[in-house]
Amino acid sequence: MSPRSGNFHLSGPNPRVSIDWNNIDYRRSVLSSLVKGANILERDRLEKRDEIQALAPPWWKSFHFELYHKFIDKIGSIFGAIYEYKYPYPVPNSPQYVIAFRGTIPKKRTALRDIKSNFKCFLNKLHRSPSFQEAMNYVHKMVDEGARVWLAGHSLGSAMALLAGKEMAKMGHLLETYLFNPPFFSFPLEGVIKDEQVKFRIRCATSVFKTGLTALNVVVNGGQADDPFAVLSTWVPYLFVNPDDPICSEYIGYFEHRKKMEENGVGIFEMVATKNSTRNLCLSLLGMDSGSEPLHLLPSADLTINRGQFPDIKGVFAAFKKFRRAHGLQQWWNSFPYESMRYNYSTT
């Protein structure tokens, strides 16, 4: 990352916009900036910047937040932060605290730690991570004390925020949650196949297959199939995805396919299929521990898709540069043409 992209005054959003916590664009800009602040906190540490040289503070101070707590793991890496809103006058619908988690930083001294965390996400074992458990302890404590807590994260950090939000929703606490480029650990069908009809047929076949596996599990293992979505259905996290980002783009197909299946009168198949992963169903049939439910399985969501047309990139590293742009956090505090859809899961 260049020094320019870490400098709020050179690459950050305009902090002089009117405060309006009812406006999703305002919330998106502020929350993505707070997540960036957590990222720059770690980069300040890695670059050994002192308080005078530090680039991180403007990313939260510009929006009337103060740093309340830093999450530091056993190797000293800062993986998140808690911010307290300190605007001098009461502001309707504002958070009291925001807990933000950074994404992966490809630096020598932190890359191994982040790669291990990403691998735990892929194996559905993030809940066993000491870093996540520490963060959850703070979330529990603050919510139990009656604080208005919001969650936010980017990439790996959005996986932590998503899991924390899920766990709190299961206990009846619906925390406002903002997930920027959240990872969807499945084959990126949305990005690989461009033909809409082909994608729809593949998704239909997958839905029927998973529905059959679910029914077989009920027969083999006995009892009724549980509905893991029922308790989460009223929790609606905000997801921000880019169709050119293979890490998160599959959320587009995941939700759009559910809508298409309902419109075609076969929503019952998708209601069963969408709440289960093929991997977990197969492991369960084999009598093996399927572990925790995959992070990306969500009953409801408010999905924002960046539909901006960027200039084409050419050259040897064009694909990598295009990915970095589509996966970058900066896009979410800038103005762009977007498509927004809200998906609510029905338990009936």
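The model is predicted: local features need pLDDT of at least 70, side-chain atom pairs count only at pLDDT 80 or more, and totals for chains, interfaces and linings use all residues. Residues are numbered from 1 along each chain as its sequence is written, and side-chain values use heavy atoms, with hydrogens and water left out.

**The sheet**

Begin with the eight strands, which form an open sheet in the order β1-β2-β3-β4-β5-β6-β7-β8, with mixed pairing. Strands here are DSSP runs of E of at least two residues, helices are runs of H or I of at least four, and both are numbered from the N terminus; two strands pair if DSSP finds at least two bridges between them. Select residues 65-72 and 338-343 to see the edge strands, β1 and β8, each of which pairs on one side only. From one strand to the next, the twist averages 15°; axes are lines fitted to C-alpha atoms, for helices over the stretch in contact, and angles run from 0 to 180 degrees between N-to-C directions.

Next, select β2 (residues 78-85) and β3 (residues 97-101), which run antiparallel and are joined by five bridges. Within this pair, G80 stands opposite F101 of β3.

**Helix α6 and A135**

Now select residues 130-144, helix α6, in which A135 is placed. The helix lies across β1, β2, β3 and β4 (149-154), at about 140° to β1. Centre the view on A135: is this residue buried or exposed? A135 counts as buried, because its relative accessibility is 2%; buried means under 20% relative accessible area, exposed over 50%, and partly exposed in between (1.4 Å probe, protein chains only). Beyond its neighbours within four places in sequence, A135 is in contact (heavy atoms within 4.5 Å) with F71 and F101. A161 is 26 residues away from A135 in sequence, with a C-alpha to C-alpha distance of 9.4 Å.

**Salt bridges**

The whole structure contains ten salt bridges, each a side-chain nitrogen of Lys or Arg within 4 Å of a carboxyl oxygen of Asp or Glu.

- Select K61 and E66, whose side chains meet at 3.0 Å, N to O. K61 is partly exposed at 44%, as is E66 at 34%.
- Select K86 and E84, which meet at 3.7 Å, N to O. K86 is partly exposed at 48%, whereas E84 counts as buried at 18%.
- Select E167 and K170, with closest N and O atoms 3.7 Å apart. These residues are separated by about one helical turn because they lie three residues apart in helix α7 (residues 156-170).
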